[in-house]
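Colleague: Hi! Could you walk me through the model on your screen?
Modeller: Happy to, let me put it up for both of us.

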Amino acid sequence: MTATVEVMALHPEKNRATLRTVCTVRGEPVLEGEAFVSVPSRASRPATAG
């Protein structure tokens with residue numbers, strides 16, 4: 001099984017992204033769909049050392 005995810009749109013005002021998802025087996029799609037996910041803003045991320 002291979003899962004592929006593509007970012008279709010970013011909605012910065014709502015901290016969300018729209019993703020297109022496809023799962024294939026031997027090159028044939030077995031599952032397709034869209035997902036809406038919550039994405040943390042850069043301002044809310046903790047600082048990293050480095």
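**Chatting through the fold**

Modeller: Let's begin with a residue inside: Leu19 is buried, with a relative accessible area of 15%. Please keep in mind that this is a predicted model.

Colleague: Okay! Where does Leu19 lie?

Modeller: Leu19 is part of strand β2.

Colleague: Let me zoom out. How many helices and strands does the protein chain have?

Modeller: There are zero helices and three strands. Reading from the N terminus on, the elements run β-β-β.

Colleague: What order do the strands take in the sheet?

Modeller: The order is β1-β2-β3, in an open sheet with antiparallel pairing. β1 (2–11) and β3 (28–38) stand at the edges with a single partner strand each, so one side of each is left without a neighbour in the sheet. From one strand to the next, the twist averages 15 degrees.

Colleague: Remind me, what do strands of a sheet pair through?

Modeller: Strands of a sheet pair through backbone hydrogen bonds, and the pairing can be parallel or antiparallel.

Colleague: Got it. How many bridges join β2 to β3 here?

Modeller: Ten bridges join β2, residues 16–25, to β3, and the two strands run antiparallel. To pick one example, Val22 has Glu32 in β3 as its bridge partner.

Colleague: And what sits between β2 and β3?

Modeller: β2 and β3 form a hairpin, with two residues between them. Arg26 is in that turn and has a positive phi of about 55 degrees.

Colleague: Is Arg26 buried or exposed?

Modeller: Arg26 is exposed, since its relative accessible area is 81% and the cut-off for exposed is over 50%.

Colleague: New topic: charges! How many salt bridges are there?

Modeller: The count comes to one salt bridge. Arg20 forms it with Glu6, and the closest N and O atoms are 3.9 Å apart. This pair links distant parts of the chain, with Arg20 in strand β2 and Glu6 in strand β1, 14 residues apart.

Colleague: What is the general idea behind a pair like that?

Modeller: Side chains of opposite charge can pair when their charged atoms come close.

Colleague: How accessible are the two partners, Arg20 and Glu6?

Modeller: Arg20 is partly exposed, with 36% relative accessible area. Glu6 also counts as partly exposed, at 39%.

Colleague: What is the count of buried residues in β3?

Modeller: Zero among its eleven residues, so β3 is hardly covered, given that buried means under 20% relative accessible area. For the protein chain, 12% of the 50 residues count as buried.

Colleague: Then let's talk surface. Which residues make a nonpolar patch?

Modeller: Met1, Val30 and Leu31 make a nonpolar surface patch of about 360 Å². Val30 has its place in strand β3, and Val30 is also one of the residues that Thr24 touches.

Colleague: What does the accessible surface of the protein chain come to?

Modeller: About 4400 Å², of which 55% belongs to carbon and sulfur atoms.

Colleague: Last one! Among contacts between residues at least 6 apart in sequence, what share joins residues at least 24 apart?

Modeller: That share is 7% in the protein chain.

Methods:
Residues numbered from 1 in each chain as written. Predicted model: local features only at pLDDT ≥ 70, side-chain atom pairs only at ≥ 80, totals over all residues. Heavy atoms only, no water. Pairing = 2+ DSSP bridges. Helix = DSSP H or I, 4+ residues; strand = E, 2+ residues; numbered from the N terminus. Axes fitted to C-alpha atoms, helices over the stretch in contact; angles between N-to-C directions. Patch = residues over 30% accessible without salt bridge, like charges linked within 9 Å, V, L, I, M, F, W, Y side chains within 5 Å. Areas by Shrake-Rupley, 256 points an atom, 1.4 Å probe, with all protein chains shown as cover. Salt bridge = Lys/Arg side-chain N within 4 Å of Asp/Glu carboxyl O. Buried < 20%, exposed > 50% of the residue type's maximum accessible area, 1.4 Å probe, protein only. Contact = heavy atoms within 4.5 Å. Lists of a residue's contacts leave out its neighbours within four places in sequence.
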